[in-house]
Amino acid sequence: MPELDDRYWLHQAIDLSRSCPPSTTAFSVGAIIVTPDGEVLATGYSRETDPHDHAEEVALTKIRPGDPRLREATIYTSLEPCSKRASRPRTCTDLILAAGIPRVVLAWREPFIFVDCEGVELLNAANVEVVELPDLAETVKEINAYLLE
């Protein structure tokens, strides 16, 4: 039952976002990369090792580039992968596409606070399957309430 698996792993990504150091200029996001048989390849959360870290970026840096398992993996992320970025040269959407990950599951599309995000649209245009579980967005919004006030 993929839907139950998606829900389980997305909850894990959301839980990771609770580990983010606070920031008034960035969302708290968690990401986890999982193979079809449930092997966790990597996890990451925003600001895990550097104030400019994004969750998907952190998770991807923990995997050897070109790892063939990425071609079948799903990345679960609490927030839509970024498509515009000032702090680093590559966006999370670019990094996901470059890694060859064919599937992204997310809870909440990035609201227009910092940038006009087009991650879902760019991923769809590149034939990446994007699954949204918007009923989990409320939890992500609660974690990021400090930005929504």
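Two strands count as paired here if DSSP finds at least two bridges between them, and the elements themselves are DSSP runs numbered from the N terminus, with helices being H or I of at least four residues and strands being E of at least two.

Quick housekeeping. This is a predicted model, where local features need pLDDT of at least 70, side-chain atom pairs count only at pLDDT 80 or more, and totals for chains, interfaces and linings use all residues. Residues are numbered from 1 along each chain as its sequence is written, and side-chain values use heavy atoms, with hydrogens and water left out.

On to β1, which pairs with β3 in the antiparallel sense over 4 bridges. There, I33 has I75 in β3 as its bridge partner.

Now zoom out to the sheet. It is an open one of 5 strands, ordered β2-β1-β3-β4-β5, with mixed pairing. β2 (40-45) and β5 (129-132) sit at the edges with a single partner strand each, so one side of each has no neighbour in the sheet. On average, neighbouring strands are turned by 15° against each other, direction ignored; the axes are lines fitted to C-alpha atoms, for helices over the stretch in contact, and angles run from 0 to 180 degrees between N-to-C directions.

How enclosed is β3, residues 74-79? Largely, because 6 of its 6 residues are buried. Buried means under 20% relative accessible area, exposed over 50%, and partly exposed in between, using a 1.4 Å probe and protein chains only.

Next, aromatics. Rings of Phe, Tyr and Trp (its six-membered ring) pair if their centres lie within 6.5 Å, with planes under 30 degrees apart called stacked, over 60 edge-to-face, and the rest tilted. That rule gives 2 aromatic pairs. One is Y8 with W9, edge-to-face at 4.8 Å centre to centre and 80° between the planes. Y8 is partly exposed at 45% relative accessibility, while W9 is buried at 14%. Then F27 and W108 have ring centres 5.9 Å apart and planes at 85°, so that pair is edge-to-face. It links distant parts of the chain, 81 residues apart: F27 is in the loop between α1 (2-17) and β1 (30-34), and W108 is in β4 (residues 103-108). F27 is buried at 7% relative accessibility, and W108 is buried at 10%.

How many disulfides do we get? The count is 0, a disulfide being a pair of cysteine sulfur atoms within 2.5 Å. The sulfur of C92 has its closest cysteine sulfur in C82, 3.7 Å away, which is too far for a bond. For C20 the closest cysteine sulfur is in C92, 12 Å away, also too far for a bond. C92 is buried at 0% relative accessibility, and C20 is buried at 10%.
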